[in-house]
Structures are given as C-alpha cells and as structure tokens.
Amino acid sequence: MSFETVVLDLAGTTVADDGLVEEAFTRAFDRVRPGDPDRSASLDYVRATMGQSKIEVFRALGDEATAQRLNIAFEQAYAELVGQGRCEPIPGAVEAVGELRRRGLAVVFTTGFGRATADAVIDALGWQQLADAVLTPAEAGRGRPAPDLALMALLRTGASSVGSLVVVGDTESDAACGVAAGAGLVVGVLTGGRSESALRAAGAHEVISSVVELPALIDARV
C-alpha cells in the first residue's frame, strides 16, 4: 500500500509528556474547585481519557460553566509548565519526522489541546516548520476517538484516500480515531505509558517502541 499522509499525535507520541498533562490538570482543578472531594476521581478520569479533546473531558466533570473555567485554567497551567522549560521532544522524533517528509509523505500533528496550548508547545520546541499542519479539535469538528482529526488531515494535505493515511499515537483514543477514519495503517507507540495490549485492543495494527521506528515500519508495510 502507498501511504501519503502521516497523522502524528503530540503529547506522549512526539512530545515527552512526563506527567505534564496530569500536573496541569491538578493545578487547574485546585484553582477552580479547591477542596473538592472528587479531585482524585476526576484525575483518574483525565488519565483514562488521555488523547481526547480536553474541553470534552472537562464537560464530563461538571456543568458547562465549570468545564469552561477548568479548560481556561488548564491551558494557563500547561503554558506555565511549558514556560518553565518542561516541554521536550521524544528523543529522535524530530529526525523521524524529517525522514518521513524527505520521503515525500505529508505530516500533520494532531492534539486534544486547544489552539493556544498547541501553539505554546510548537513554539517552545521551535517546530513551526516541522510539519505540514497542526490540528486541534476546534478545527476538525470533534476530538478523538471520533475520526474528524484524521479526516481533516486528509483534506488539508490532499491525500487521495483514507487508505493512504497512517495514524500514530500513544493512547487508545488515537488508535480508535485511526480505525474510525479507515486509515490504512494505525500505529500505537509505547512512549505514553499505555500497554501494547491496550493499544492493540483499541485497534492499532502495529505497536512500536517510539516514533523513531516509524519510517522503518512504513517501509515494511509498503
């Protein structure tokens, strides 16, 4: 099969997470709902829904006004952590993306973050020119596990079919997004802390240690 567009998740897949999302959430939760007894259960829910649209995750934790306040507080907290230098690439990710583009593949970064947070991450890493596009749920319609982000990547890059898409991520939501989009290759990576069995159960065709192995995997599948 000939692949044309690679859809790559950011946090946990190309950007080291190292607990950053959890720390930003706990800061946000403590600022919006200090002393709330549901803090621990809410953090468990955030862990279980990694990769999904953050505003949709927060809507499951409270009413719309609370969700919006949590989302704003989360974006502020994440920006604080990024500003403290807590944002690093997965080792070898830049080289792997460069190799994919040298082979003529389009590369699109996708994320469950809002646009402000996505831009803060890209700016902190100096990745403004690394990929062909960066998409958030607001630009696609729905966040993962819906197929919208992968399908919008297809539209943005002009790929010829869903079968020419490669969707790569570290969570079950990433894999489910790729499957729902009909991607020709859905790849799980182990750099986000999920197990190989969990990623395969969510639909990943292949599971690799990190994005560094992706160019060789694509070679093997062509």
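Predicted model: local features only at pLDDT ≥ 70, side-chain atom pairs only at ≥ 80, totals over all residues.
What is the volume of the largest cavity? Residues are numbered from 1 along each chain as its sequence is written, and side-chain values rest on heavy atoms, with hydrogens and water left out.

The largest cavity has a volume of about 40 Å³, and the structure holds 1 cavity of 30 Å³ or more. A cavity is here a set of points, on a 1 Å grid over the protein atoms alone, where a 1.4 Å probe fits but cannot get out, and lining residues have an atom within 4 Å of a point; grid points are joined across faces, edges and corners, and the volume is the space filled by probe spheres set on the points. The lining of the largest cavity includes V7, L8, D9, T110, R144 and C177. Two or more lining residues come from each of β1 (5-9), α8 (148-157), β6 (165-169) and α9 (172-181), and β1 gives the most, with 3 residues.

Aromatic pairing was examined next. Rings of Phe, Tyr and Trp (its six-membered ring) were paired if their centres lie within 6.5 Å, with planes under 30 degrees apart counted as stacked, over 60 as edge-to-face and the rest as tilted. By this rule the count comes to 7 aromatic pairs. One of them is the stacked pair of F25 and F58, with 5.9 Å from centre to centre and 20° between the planes. Because F25 belongs to helix α1 (residues 20-32) and F58 to helix α3 (residues 54-59), this pair ties together parts that are 33 residues apart in sequence. F25 is buried at a relative accessible area of 1%, and F58 is likewise buried at 2%, where buried means under 20% relative accessible area, exposed over 50% and partly exposed in between (1.4 Å probe, protein chains only). A tilted pair is formed by F74 and Y78, at 5.9 Å centre to centre and 40° between the planes. Both residues are buried and both lie in helix α4 (residues 64-83), where they are 4 residues apart, about one turn of the helix. In an α-helix there are 3.6 residues a turn, so residues three or four places apart point the same way. F25, F29, F58, F74, Y78 and F113 together form one aromatic cluster.

Helix α4 has 20 residues and reaches 28 Å from its first C-alpha to its last, close to the 28 Å expected at 1.5 Å a residue, the expected span being 1.5 Å times one less than the number of residues. Among the buried residues of α4 are L70, N71, F74, E75, Y78 and L81, and the buried residues of this helix pack against α1, α3 and α6 (115-125), with contact taken as heavy atoms within 4.5 Å. Just after α4, G85 takes a positive phi of about 85°.

A search of the whole structure finds 22 salt bridges, each defined as a side-chain nitrogen of Lys or Arg within 4 Å of a carboxyl oxygen of Asp or Glu. The side chains of E22 and R47 meet in one of these, at 3.0 Å from N to O; since E22 lies in helix α1 and R47 in helix α2 (residues 39-48), the pair ties together parts that are 25 residues apart in sequence. E22 is partly exposed, with a relative accessible area of 25%, and R47 is partly exposed at 32%. The salt bridge between R33 and D36 (2.9 Å, N to O) instead involves two buried residues. In a further salt bridge, the closest N and O atoms of E206 and R221 are 2.8 Å apart. E206 lies in strand β8 (residues 206-208) and R221 in helix α11 (residues 214-221), so that parts 15 residues apart in sequence are tied together. Both partners are partly exposed, E206 at 23% relative accessibility and R221 at 31%.

G188 lies in strand β7 (residues 185-189) and is buried, at 1% relative accessibility. Not counting residues up to four places away in sequence, G188 touches G169, L199, A204, E206, V207 and I208.

Definitions and conventions:
1 Å grid on protein atoms, 1.4 Å probe; cavity = no way out; pocket = protein on both sides within 12 Å on 5 of 7 lines; lining within 4 Å.
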